[in-house]
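Hi everyone, thanks for coming. Let's look at this one together, starting from the inside and working towards a barrel.

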Amino acid sequence: DFDGDRRDEVISYVKSKYGDDKVAQIITFGAMKARAVVRDVARAIEITQEDADTLAKMIPQRQDMTIDEALKSTKGLDDLSRNNQRVKRLFDISRKLERLVRHPSTHAAGVVISPVPLASIVPLYRDPKSEVISTQYQAKSLEDVGLVKMDFLGLKNLTVIDRCLKKLQAAGLNPPDMSDLDLDDRPVYDLLSEGRSMGVFQLESSGMQSLLKRLKPNRFDDVIAVLALYRPGPLDSGMVDEFIDRKNGTKPIVYPHESLESVLKETYGVILYQEQVMEIARTISGFSMADADNLRKAMGKKKPELLEEAKEKFIQGATERGVESSTAEEIFELIKTFGRYGFNKSHSTAYALVAFQTAYLKVHYTVYYLTSLLSGELNDTDKVSLYIAEARETGIECLPPDVNKSGAGFEVEGKAIRYALSAIKNVGESAARAIVDARAEGEFSSILDFVSRVDLRLVNKRVIEALVKSGSLDGLGVNRRTVFENAESVLNYGTSIQGDRQKGQSGLFDESEGGEAEHGFYKMAEFEEWGEGEISEFERESIGFYLKAHPVCKYDEMIVRFGAIRVAEFRDIPPETSVLLFGIVTAYKRIITKASKEMAFITLEDTTGTIEVVVFPGVFERYQEYLEQGRVIVVAGRTNGEKIFADRIMFPEEVEKTKMSYLHVLLDGGVDENHLLRLRDVLLQYKGACNVIIHVPELEESKRAIRASTFLLVDPQEELFAALKQEKLVERLWLA
């Protein structure tokens, strides 16, 4: 694996060393998968792009998904294909074309190096766009003709590390030596054990975060093990649970034979790595390295005849070395059970080191690391949104884009992150760099100054409109709508000024005495600013999510008044806690259960992040009309710390009229008699009909939430909240 930005240098080196005619990349053939074929066919039979997108997005996003499977599993799609002739025709044609080869492309990593000119062994292909030379045979066929495929992978995480170190250096800080980190660094293991691994190489998926919280790694060997464990085989076999129980002391560590303690100690007696399978064979049965490697291959390929042959040899070797034949057979069966899932430890170790390095930078240089991470994902809106939410959760502000302050990429500004110009849709890197280059002469004083200085071949009308919608021109003294409506004439003005400048001419009023452009001979038509809703939607359109003008912001006062939770606070809430959350629906997926009932998974976003809400059939039936993308809703339900299981769904306006049945009180600090008596005295001053649930984090999980006596029913009003906070009796209050 190489730094993703420098992979081409490695390929150039190999070509210069072995000869251009002996080195080539490898072809792959893109097949027409379910979603792609629907879009392609829709274009051909004149179905609009918008309708095609809607239909394609209804197809579940799975690698091996087919049209037929999609129709079976998605009721709405099946209904459309039955009742709409155009949609039926679309799917009939798509069904015939899916899985056919659509186009050639270049393998992401594969490179072939030959001792003789490649053209004498395989046909070659030159990509007309990139000029890359590839073999016309795919990887497997190359092996059949005697060539060896090498993988030169471009790993963007290595690029992120390099970018982060350069940012630290540019800021006058001493970058850490990545080859000499303290692998016992406690804050890194605290981060991983808490599952806060978003942005950490190989460890950022929700499943991995869940595994980390269960396993609680506290040494580098555990990080290596996590990467080997998080695969379908170990997860399905119960091997992961066994490993976690032994590590955390809930099950004893047992070794198949006393002589194997040194081999299996690092994995708590569990056979996890291929290298351990080989070492067991050598220790117990005296296998040579070659024989041990053959055993490893036989287990990986699950070939019964090879395994039977290896078993006889294993038992014979063990008995010759004084091990009981029955014990030897048990050990062989054990390594057969676990060994077939064995992972290559050397590979896992190398990746664990990169994982540790990225976690180290995230812990100790958070703002610089997250900025570098964001700059690596400029064109992936989902990732950018995710990492900005992560930044907010760690207390780092993300500042909006600004032509006078933003770079082409994301930049550190004080203790905050400044949004990148090139991450704005329809701006792109060339236009962003043109803006930054023009700004090198000094900040832009007005919109007219801006268009008179930037390269208008790159900063065209589409770019100007995107900058307006994203708020990037807000600091230039004119409201968004005015610039938007005048975009064409403003650009004509800029073109005229730049043309005169190139000819060496200047207008009578171009310069004031101070040398500043006044542009007195041009005046824009003025327009009233867009409304809040339009500003929000345009921001979402140009950035991909709500950065500044978030629709939930207008409910901040209600969120505080009702004690609603923010997404960023979920990690600190005990499981099975009732919660109230205001958010906008950004994704909505409806599914059919095995009992043929409808339920949904929705993604709810507030200003601090996103969370998944599970809406089971009974709740879905009552509240499905609330579930619409782009709508702000309020969900009351229970949480497991990662998701909300909805009990009730409302519009914000309805919350005012809804009587909440529980006031939840999370106590501040330890619990003593005096603390509880003071709490009781305050609650008694505000009698009403609302139950009180007291949360005590220090108690064991099953007793953390305590329902107060019915004589403590309260009226949940702002004066009560203020009194509890003033007395410093509670850490948090919320209604649900």
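The largest nonpolar core here has 128 residues. By nonpolar core I mean a set of buried Ala, Val, Leu, Ile, Met, Phe, Trp, Tyr and Cys residues joined through side-chain atoms within 4.5 Å, where buried is under 20% relative accessible area, exposed is over 50%, and partly exposed is in between, with a 1.4 Å probe and protein chains only. Ile280, Phe410, Tyr419, Phe450 and Leu467 have the most contacts inside this core. A second, separate core has 37 residues, including Val552 and Leu712.

A word on the model: it is predicted, so local features need pLDDT of at least 70 and side-chain atom pairs count only at pLDDT 80 or more, while totals for chains, interfaces and linings use all residues. Residues are numbered from 1 along each chain as its sequence is written, and side-chain values use heavy atoms, leaving out hydrogens and water.

Now the barrel. Five strands close it in the order E11-E12-E13-E15-E14, with mixed pairing. Strands are DSSP runs of E, at least two residues, numbered from the N terminus, and two of them pair if DSSP finds at least two bridges between them. E13 (residues 609-615) and E15 (residues 643-650) pair in the parallel sense over three bridges. Val614 has Phe645 in E15 as its bridge partner.

Notes
Helix = DSSP H or I, 4+ residues; strand = E, 2+ residues; numbered from the N terminus.
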